[in-house]
Amino acid sequence: MRNYESLYIVHPDVVGDDLTRVVDKFRTILEEQQVDILKLDNWGPKKLAYPIKKVGRGNYIQVLFSAAPEVVAEYERRLRLDEQILRFLTVRLDDVLSLDQTEEPKRASVLDEQDDDDFEDDEE
């Protein structure tokens with residue numbers, strides 16, 4: 001089984017219990033196919049970068065799960081058929097997914113990479 005991340009955008013008119021039903025519907029689709037759902041997160045309503053179907057906002061839902069590739073194909077087919085879903089994207093995660101890793105990788109600062117010899121004072 002491989003790890004996947006799926007993000008889908010639900011129409012902004014779908015709120016409250018209706019939004020919960022949509023999220024539960026797609027969670028049930030995954031659970032029926034014996035998928036391990038690692039994380040299900042509702043990011044809430046956000047402004048879209050550009051209008052989709054003349055809509056400028058949407059409710060973002062993120063799902064992290066482990067599944068076989070044929071399960072993902074069926075899941076995406078069902079997302080495509082639902083008119084309340086504006087867009088979706090599912091990507092395979094290469095690394096082993098660990099939800100305990102909350103720290104971001106440490107980044108080297110620009111000053112650490114520069115050599116002091118590059119900055120010579122020419123006062124002639």
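Modeller: Start with contact: it means heavy atoms within 4.5 Å. Keep in mind that this model is predicted.

Colleague: Which residues does Asn59 touch, not counting residues up to four places away in sequence?

Modeller: Asn59 touches Tyr8, Ile9, Val10, His11, Pro12, Val14 and Leu19, along with Gly44 and Pro45.

Colleague: Is Asn59 buried or exposed?

Modeller: Buried means under 20% relative accessible area. Asn59 has 5% relative accessibility, so it counts as buried.

Colleague: What lies 3.1 Å from a polar atom of the Asn59 side chain?

Modeller: A polar contact is a pair of N or O atoms within 3.5 Å. Here, the backbone oxygen of Val14 lies at 3.1 Å from the side-chain polar atom of Asn59.

Colleague: Where is Asn59 placed?

Modeller: In strand 3, residues 55–67. Strand 3 pairs with strand 1 (residues 2–10) in the antiparallel sense, over 9 bridges. Within strand 3, Ala67 stands opposite Arg2.

Colleague: In what order do the 4 strands form the sheet?

Modeller: The order is 2-3-1-4, in an open sheet with antiparallel pairing. Strand 2 (36–52) and strand 4 (85–93) each have a single partner strand, so one side of each lacks a neighbour in the sheet. On average, neighbouring strands are turned by 20° against each other, direction ignored.

Colleague: What does helix 1 touch as it packs on the sheet?

Modeller: Helix 1 (residues 17–32) touches strand 1, strand 2, strand 3 and strand 4. The direction of helix 1 makes about 130° with that of strand 2.

Note on methods
Residues are numbered from 1 along each chain as its sequence is written. This is a predicted model: local features need pLDDT of at least 70, side-chain atom pairs count only at pLDDT 80 or more; totals for chains, interfaces and linings use all residues. Side-chain values use heavy atoms; hydrogens and water are left out. Helices (H or I, at least four residues) and strands (E, at least two) are DSSP runs, numbered from the N terminus. Buried means under 20% relative accessible area, exposed over 50%, partly exposed in between (1.4 Å probe, protein chains only). A polar contact is a pair of N or O atoms within 3.5 Å; within protein, one must be able to donate a hydrogen and the other to accept it, and residues adjacent in sequence count only if both atoms are side-chain atoms. Two strands pair if DSSP finds at least two bridges between them. Axes are lines fitted to C-alpha atoms, for helices over the stretch in contact, and angles run from 0 to 180 degrees between N-to-C directions.
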